[in-house]
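Please look over the sequence and the structure shown here before reading on.

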Amino acid sequence: MTYQPPQPPGGTPPPPPSGQWGPPPGGGQPNRSTFDPKTVNPLDWAILGIGALLFIFSFFGYYSWSYNFGPYSGSYSFSAWHFGGGTFIAWFAMIIGVIAAVVVAAELFAPGVKLPMAGRSLALGLFALSFILYVIAIFAHSDFGPNGGHGFSFWLSLVLAAAGAVLSLMRLQQTGGQLPGALAGIPNIGQHGPQGGISSHHQQHGAAPQQGYAPPPAQGYAPPPQQGYAPPPQQGYATPPPPSGSATPPPPPPGYGPPQ
């Protein structure tokens, strides 16, 4: 029989004592208004930083041009916002790289935003396209002639776009994303990054590692008894055995035996 505590009149149970477990205030809904930066993967912070650096360096020397007219010589530098000839390709590459970082930011801080495809895959594709356009821009400028060239900001932006593509690939693999078509055979480099994916051994066997796991003991299991072991006899409940080689047991000591 199970004991049921009496209910007060009206059928409403009393509230639980303070300090015991119960639903959180506000109808049981957790408070989502706070944001903890520690929950963001370090690689995601790096991707956001790459997008910011691409935008900042676009205002510095992407292109340089030098001149020499007799005793007069000098040089000029132009930012990515200089449009002419083929220089707009580098500007377009910068814009696409910034958009890729914005996609990652939306994936992290505004998950309700609808994207045309999975955010991780979209960011990887945009960074890859940005890198390809930077490579094309190496050979596509025609404004400056033989005296023109690329500046420090251009080359740094080229490296940043490549780094953004690699980090986006790592985060795509860490979060379980799959590349389409023949790209699905790319080695999984995401498992080597911070807070990476599962190890290669568990990945091959299709199971994730469980830290600190140990199989529970089988029910009803008990260690086998040691051979030759017998519990000592309890005094007062049995007659001690006769000595070896004697056929007649010795008489019991005085006071020992059944009551008269």
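A residue is called buried here when its relative accessible area is under 20%, and exposed when that area is over 50%. The structure is a predicted model, and every value below was computed from it.

**Two buried residues**

By that cut-off Gln174 counts as buried, because its relative accessible area is 14%. Gln174 belongs to helix α4, which covers residues 152-174, and its side chain is joined to that of Arg171 by a polar contact of 2.6 Å. Arg120, which has its place in helix α3, is likewise buried, with a relative accessible area of 11%. When neighbours within four places in sequence are left aside, the residues in contact with Arg120 are Asp44, Val104, Glu107, Leu108, Arg171, Leu172 and Thr175.

| Residue | Relative accessible area |
|---|---|
| Gln174 | 14% |
| Arg120 | 11% |

**The pair of helices**

How do α3 and α4 run relative to each other, roughly parallel or roughly antiparallel? Helix α3, made of residues 119-140, packs with α4 at an angle of about 155°, and their axes are 8 Å apart. Angles over 145 degrees count as roughly antiparallel, and α3 and α4 are therefore roughly antiparallel to each other. Their crossing is left-handed. On the α3 side the contact includes Arg120, Leu124, Phe127, Phe131 and Tyr134, while on the α4 side Phe154, Trp155, Leu158, Leu169 and Arg171 are among the residues that take part.

Elsewhere in the model, 3 strands form an open sheet in the order β2-β1-β3, with antiparallel pairing. Strands β2 (72-78) and β3 (148-150) stand at the edges, and because each has a single partner strand, one side of each is left without a neighbour in the sheet. Neighbouring strands of this sheet are turned against each other by 20° on average, with direction ignored.

Strand β1, which spans residues 63-69, runs antiparallel to β2 and is joined to β2 by 7 bridges. One of the residue pairs involved is Trp65 with its bridge partner in β2, Tyr76.

How many of the 7 residues of β2 are buried? The number is 0, so β2 lies largely in the open. In this model, then, β2 is a strand at the edge of the sheet without buried residues, whereas Gln174 in helix α4 is buried.

Conventions. Residues numbered from 1 in each chain as written. Predicted model: local features only at pLDDT ≥ 70, side-chain atom pairs only at ≥ 80, totals over all residues. Heavy atoms only, no water. Pairing = 2+ DSSP bridges. Helix = DSSP H or I, 4+ residues; strand = E, 2+ residues; numbered from the N terminus. Axes fitted to C-alpha atoms, helices over the stretch in contact; angles between N-to-C directions. Buried < 20%, exposed > 50% of the residue type's maximum accessible area, 1.4 Å probe, protein only. Polar contact = N/O pair within 3.5 Å; in protein donor to acceptor, adjacent residues only side chain to side chain. Parallel < 35°, antiparallel > 145°, perpendicular 65-115°, else oblique. Left-handed = near helix turned anticlockwise from the far one by under 90°. Contact = heavy atoms within 4.5 Å.
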